[in-house]
Amino acid sequence: VQKTVTQAVSQPIKQTMTEQQKEQQELILWNKWRSNLQNQIMRDVKLPIIPEGTVFRFSFDVDKYGKVSNVQTWSFSPNYTPYAIQYIAPVIRSYQGRAILNFPSGSNRISTTVEGGWKIAKTAKYSTPDDYKDTEKVIK
């Protein structure tokens, strides 16, 4: 009579998601939202003639209801900061409650901070979603 001995080998338990769990998890891509907003601001701001190389920046908060707050605009060239305040800030505030600020579908965020800017140049270079790294995972 032969005896067979089996030995239990302990292996780490792999935690994998079931297909159902994967279907319930959704990745919300904010990159497209941010890129669209950056480009819209660039299109809507009508600056006077400004020297090439001048950089303008902006930052503001948006909540899920489309409320804009904490708008800050400036230039890396301090002499041009008044232009940022006069020309860029009102455009950003004008988006209050408009569809451009509607958060991506399925998002659970309550608010987000938007930061961007551009450099005055001979040719316009617009943003693409690849310029941003902002995703949100939500469980459906």
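Buried residues make up 34% of the 140 residues in this chain, where buried means under 20% relative accessible area, exposed over 50% and partly exposed in between, with a 1.4 Å probe and protein chains only. The model is predicted, so local features need pLDDT of at least 70 and side-chain atom pairs count only at pLDDT 80 or more, while totals for chains, interfaces and linings use all residues. Residues are numbered from 1 along each chain as its sequence is written, and side-chain values use heavy atoms, leaving out hydrogens and water.

**Start with the cartoon.** Colour by secondary structure and you will find three helices and five strands; these are DSSP runs numbered from the N terminus, helices being H or I with at least four residues and strands E with at least two. Along the sequence they follow the pattern α-β-α-β-β-α-β-β. If you draw contacts (heavy atoms within 4.5 Å), residues 24 or more positions apart account for 76% of those with a separation of 6 or more.

The structure holds eight aromatic pairs. Here rings of Phe, Tyr and Trp (its six-membered ring) pair if their centres lie within 6.5 Å, with planes under 30 degrees apart counted as stacked, over 60 as edge-to-face and the rest as tilted. The pair of Trp30 and Phe103 is edge-to-face, because the ring centres are 4.8 Å apart and the planes stand at 70°. Trp30 lies in the loop between strand E1 (25-29) and H2, and Phe103 in the loop between helix H3 (81-94) and E4, so this pair ties together parts 73 residues apart in sequence. Phe103 also forms an edge-to-face pair with Trp33, at 5.7 Å centre to centre and 85° between the planes. That pair links distant parts of the chain too, as Trp33 is in helix H2, 70 residues from Phe103. Trp30 and Phe103 are buried, and so is Trp33.

**Stay on H2 and pick Asn31.** This residue is found in helix H2 and counts as buried because its relative accessibility is 14%. Leaving aside neighbours within four places in sequence, show its contacts: Pro129, Tyr132, Lys133 and Asp134.

**Move on to Ile50.** You will find Ile50 in the loop between H2 and strand E2 (55-63). With 9% relative accessibility, Ile50 counts as buried. Not counting residues up to four places away in sequence, Ile50 touches Phe56, Tyr80, Tyr83 and Ile120.

Select Phe56, Phe58, Phe60 and Trp118, which ring pairs link into a cluster. Then look at Tyr126: the charged end of Arg43 sits over its ring, 5.6 Å from the centre (the criterion is NZ of Lys or CZ of Arg within 6 Å of the ring centre and within 35 degrees of the ring normal).

**Finish at the largest pocket.** About 410 Å³ of space lies there. A pocket is an open set of points on a 1 Å grid over the protein atoms alone, where a 1.4 Å probe fits, with protein on both sides within 12 Å along at least five of seven lines; lining residues have an atom within 4 Å of a point. Of the 17 lining residues, Met42, Gly117, Trp118, Lys119 and Lys125 are the closest to the centre. Helix H2 (31-44) and strand E4 (111-119) each supply at least two lining residues, and E4 gives the most, with five.

Technical notes
Grid points are joined across faces, edges and corners, and a volume is the space filled by probe spheres set on the points.
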